[in-house]
Amino acid sequence: MNPLHLLAFGPTGWGDELAYGAAMTLVIAALGFAGGLVLGLPIAAARLSSNVVLRAISGVYVTVVRGVPELLVIYLLFFGGGQFYRYVADALGYSGAVAADAFSAGVLAVILICAAYSAEVFRGAFQAIPKGQIEAANAFGMTRSTLFCRIKLPQMLRYALPSIANVWQLVLKDTALVSVTGLVELMRTIDVAAGSTRSPFLFYMTAILIFLAFTAVSNKAFEGAERHFSRSVIGGYGK
Amino acid sequence: MNMKRRMLLVSAAMLVAGASTVLAADQRVVKLATDGTYAPFNYTDPSGKLVGFEPDLVDDICKRMNVKCEWVIQNFDGMIPALNEKRFDAILASLSITDERAKAVDFSIPYYAGPTRLIASGDGKLGQFKSGEGSTILLGSMSDKDKAVIGDVAAALKDATVGVERASTHAKFFEETFPGVKVKIYDKGENMMLDLVAGRIDAAVDGAGSTLNFISEQEKAGKKFVAFGPALKGGALGKGVALAFRKGEETELREEFNKAIREATADGSISKMSVKWIGVDGSIPENAAK
């Protein structure tokens, strides 16, 4: 019997379940990545700030989140968060049942992790901008916002992109950890299918191919983005 | 139909309707967690439906308890923390009773304990061994007849090398039950079975379910293997699998489940479901006696 019939779409095969799981993985990764980048930028700004308090808080955040296993962050939000959510709900005057649902806890965990890593990437990228350019901009009398939008941000993005691509891959793989909550994303679907059909090899290989396809496509996209942000640099992209 | 009779019928119908509403409203909901990846105990068919021995068991015992049982699908790794988070009332997911787990949760009485078998090539001397065939021996409470059968098995194994798996309860059980027999310990069951096929060991100790699986697979490849001697349970082989509840809570609910498990064992329901799904009778006769 051809084992590939297990991957068929429809009620007899796992194809449609895998497609759903893969879509869920992409949704978690995309939301987590977007949220992480948005949160990462102010954290990077705080890290570079002249304010001691902001610097200390952001420093502790990136150190702690990057320093503990990602799985622990997910456990904390999903399983350990119960009392905390209760406290918040009580403070807001809400007395109904509160519990983290797997999807929000998973996305939030990925956001928090991604924010810590991307903040460090952004910080490094800001620092890579030659000081002379900032001085020149100041000498031209640019305002702080013009300086940020015209000089700092575009160049920072160029420096940050290769490492941000790295963070994206990290995020994509972290979604697999969210499967401990029972949320049906790709890894959980693969586990269920492998155990239920007793064909682990087939399904784990399928998972590898799907994840590789995701990273191959996103690598191409990031290459395009790097080329775009390097278009005005003498020597161009890749030099 | 006269008026009086019609009235009677209407009021009877109302009574029935009233009674069934009360019943539905009274029915408590019990949330049970499982993993859905452990065939044939609990697994998922491609349409997403939970099937297996345990879903059938739950349908049966929840009917006896007159409660409505709902499944919560939860990854096995996060199951005990999620239990303590009150995401469900109990775990029913082929969770074996161990001393370590008993510190974290309260177990019900076990509902299933897979028997352990000795397996050997059908062509050799052990393959012809007949004593104790078809019987099940409870290691914790052996009769003199049982002890004689175990003695026969020990004598047959005198010059043999027997494979056991390290992580299972088999190693401890084997050394206690058959002291002096030469043992080879394996990290993985698969490697043990490969050595058995290659003739590097004369016999192996394995769970009844996987033994059946192995025998039928070898048959397809044209090789004959047999499970010999009695099926073994209890004692050092462990207590079996049970429901787990939050430590120190839900004592009443636990007692209700215990009662239902005893009833389902006594009338042979668990035995039937076990044979249907797993191919062996893993019900625990001691449960029925209590």
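## Packing of α3 and α5 in chain A

In this predicted model, helix α3 of chain A, residues 70-78, packs against helix α5 of chain A, residues 102-128. The angle between the two is about 140°, and their axes lie 9 Å apart. Angles over 145 degrees would count as roughly antiparallel; α3(A) and α5(A) are therefore oblique to each other. The crossing of α3(A) past α5(A) is right-handed.

On the side of α3(A), the contact is made by A:Glu70, A:Val73, A:Ile74, A:Leu77 and A:Phe78. Helix α5(A) contributes A:Ala102, A:Ala105, A:Leu108, A:Ala109, A:Leu112, A:Ile113 and A:Tyr117. By residue class, this contact of α3(A) with α5(A) comprises 11 nonpolar residues, no polar ones and one charged residue.

## Packing of α6 and α7 in chain A

The contact of α6(A) with α7(A) divides into four nonpolar, three polar and one charged residue.

## Overall build of chain A

The helices described above belong to a chain with nine helices and zero strands. Read from the N terminus, the order of elements in chain A is α-α-α-α-α-α-α-α-α. The C-alpha trace of chain A spans about 75 × 55 × 25 Å along its principal axes.

Over all chains, the structure holds 21 salt bridges. One salt bridge within chain A joins A:Arg47 and A:Glu120, whose closest N and O atoms are 3.0 Å apart. A:Arg47 lies in helix α1 of chain A, residues 15-48, and A:Glu120 in helix α5 of chain A, so the pair ties together parts that are 73 residues apart in sequence.

## Interface between chain B and chain A

The size of an interface is often given as the accessible area lost when the parts come together. Between chain B and chain A, the buried area is about 1600 Å², and carbon and sulfur atoms give 47% of that area. The contact takes 20 residues from chain B and 20 residues from chain A. Of the area that chain B buries against chain A, 37% is supplied by B:Pro46, B:Asn75 and B:Arg87, more than by any other three residues.

The count of salt bridges between chain B and chain A is one. A:Arg188 forms a salt bridge with B:Asp35, and the closest N and O atoms of the two are 3.2 Å apart.

## Backbone features of chain B

Two loops of chain B contain backbone features of note. B:Ala39 and B:Pro40 are joined by a cis peptide bond, with omega about 0°. B:Pro40 is placed in the loop between β2 (37-38) and β3 (42-44) of chain B.

B:Asn66 has a phi near 55°, which is a positive value in a residue other than glycine. The location of B:Asn66 is the loop between α2 (53-65) and β5 (68-73) of chain B.

Definitions and conventions. Residues numbered from 1 in each chain as written. Chains lettered and ligands numbered in written order. Predicted model: local features only at pLDDT ≥ 70, side-chain atom pairs only at ≥ 80, totals over all residues. Heavy atoms only, no water. Axes fitted to C-alpha atoms, helices over the stretch in contact; angles between N-to-C directions. Helix = DSSP H or I, 4+ residues; strand = E, 2+ residues; numbered from the N terminus. Parallel < 35°, antiparallel > 145°, perpendicular 65-115°, else oblique. Left-handed = near helix turned anticlockwise from the far one by under 90°. Contact = heavy atoms within 4.5 Å. Nonpolar A, V, L, I, M, F, W, Y, C, P; charged D, E, K, R; others polar. Buried area = accessible area lost by both parts, 1.4 Å probe. Salt bridge = Lys/Arg side-chain N within 4 Å of Asp/Glu carboxyl O.
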